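Student: I'm new to this one and would like to learn how to read it. Can we go through it together?

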Amino acid sequence: MLSFKEKDRPIVRKLLCAGCCVRCVLRFCCVGTCSAYRRSYEVSHDPENHLPTNKRLRIDEGSTEGSVTAAQTDSDICPVCLGVLQDFCEPTFAKQVSDAVKNQQYEFDSLVLTVSLPAQLSVREHSCWLHVKKEIREKSMCLGKEDVIQVKDAFKWAVQGKIGQELGAAVLSSCEVSVGFMHPETEEDCHFLANTCPDCFKPTKNKASIFTRMAVVKALEKISEEKFSRSVFSISETSYCRYNKFSRELPQTPWVIDGERRMDGSVEELIAAPLLSSFRADGFNFSSSGREDVDVRTLGNGRPFAVELLNPHRAKFNRTEIKQLQETINQSSDKIRVRDLQIVTREATSRMKEGEEEKTKTYSALIWTQKAIDSTDLEFLDLKIAQKTPLRVLHRRPLAVRPRLIHSMSSIYLDRHHFTLKLCTQAGTYIKEFVHGDFGRTKPNLCDLMKTNADILELDVESVDIDWPPAIPD
């Protein structure tokens, strides 16, 4: 039976819902009984309490001088200790450490265990403290951050005795056994501190990185809670995906002119509503690889996008739950559809923006011409055009002349005044303006090439050629 008190119940519930492991729950409830951390806890995903499965690290058999280093694998871990207080506190890991020491043929009758933890754990610890602090205030509990049991102490309480038993040595300060952990996937967790507290991070000759534990701790002492929350909570979970838009009456973002909403609904709102509900988030930021006009459909594999969820109160989902969430979005409206829904780090958003100018897009446009045409009029070559900022977007984009490349064009003759135009273009090309010329602001344009007035009746985005996000197998 765990050493929790009735007053701990709100904190326990809050931490379990955030995906914390049992030992981290013990720590934040200030359980100082060493034996509580030595117990084995079977932790698997529990839909009711949102308990995550363990994320295991592995021993580096090549380590020397009795040192054991851990590296990550692909399963889920506690978001606070990054798995240090999960499988690594079990007898199997104690035996692995002992075997690594024995392989070095050391002879001693007593030992002390030292632990090296990645600096980002300090950021996660601070974030978790702020997460439960509100609950503590509301319950008028006398608890300070210094009362929380440290990860290093909890790990030693859980493992040191087991290692001593395996090695047949008393736990004294004769031989030092060092256990080091690393978690490369989360190394950038503390990078935002360099922008807010640059004086805390100074390069030194004997340190490979400026983000040492002491530097991070010093920065955390200086940064305000408000600034920390804006920097950390707002990036805690980002969902990546691709969307299709099947409506010609749906803007990508809410259409507001002079403070008045002109159309109901938007792509981002249809997608974000189920996400906000499931993650219990306070808000969201939506970004995508380009955007389409209200009357333009997005077909094919869809357009890559990201939804950054602000201060989500639930952050752990398994693959089945994510797939179900995707279905919930798709069933909520026949105007949009998403695919490849997945959770990634905020840093991954840069991949979506990489190569914005280099990527290509494929379009299909229904064209009307004033003069009668036949199939011989539809012979085009690759073009390089110069586009001055279109009049319709001049209110939000700077005036400039931008060179854009049309890689290929082909046509399908429909009748004497209509044909379908297929285009593969450089990203950022304004297709409508290429067709009607925008009062001569795009040169050359389709009107010039065909020597007749022409206009675009319908436009579809058929593909956005960027290899992101990774496809999720059905």
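Student: Where is Pro444 found?

Tutor: Pro444 lies in the loop between strand 16 (442-443) and helix 14 (446-450). Helices (H or I, at least four residues) and strands (E, at least two) are DSSP runs, numbered from the N terminus. The peptide bond from Lys443 to Pro444 is cis, with omega near -10°. Keep in mind that this is a predicted model: local features need pLDDT of at least 70, side-chain atom pairs count only at pLDDT 80 or more, and totals for chains, interfaces and linings use all residues. Residues are numbered from 1 along each chain as its sequence is written, and side-chain values use heavy atoms, with hydrogens and water left out.

Student: Is Asp438 buried or exposed?

Tutor: Buried means under 20% relative accessible area, exposed over 50%, and partly exposed in between (1.4 Å probe, protein chains only). Asp438 is buried, at 5%. Asp438 sits in the loop between helix 13 (431-436) and strand 16, and has a positive phi of about 50° although it is not a glycine.

Student: What about Arg280, and which loop holds it?

Tutor: That's the loop between helix 10 (267-279) and strand 9 (283-288). Arg280 also has a positive phi of about 50° without being a glycine, and its 36% relative accessibility makes it partly exposed.

Student: Which residues touch the most other members of the largest nonpolar core?

Tutor: In soluble globular proteins, nonpolar side chains tend to be buried together. A nonpolar core is a set of buried Ala, Val, Leu, Ile, Met, Phe, Trp, Tyr and Cys residues joined through side-chain atoms within 4.5 Å. Here the largest has 68 residues, and Cys20, Val84, Leu85, Phe155, Leu193 and Phe201 touch the most other members. Helix 6 (residues 151-167) gives the most to this core, with 7 residues.
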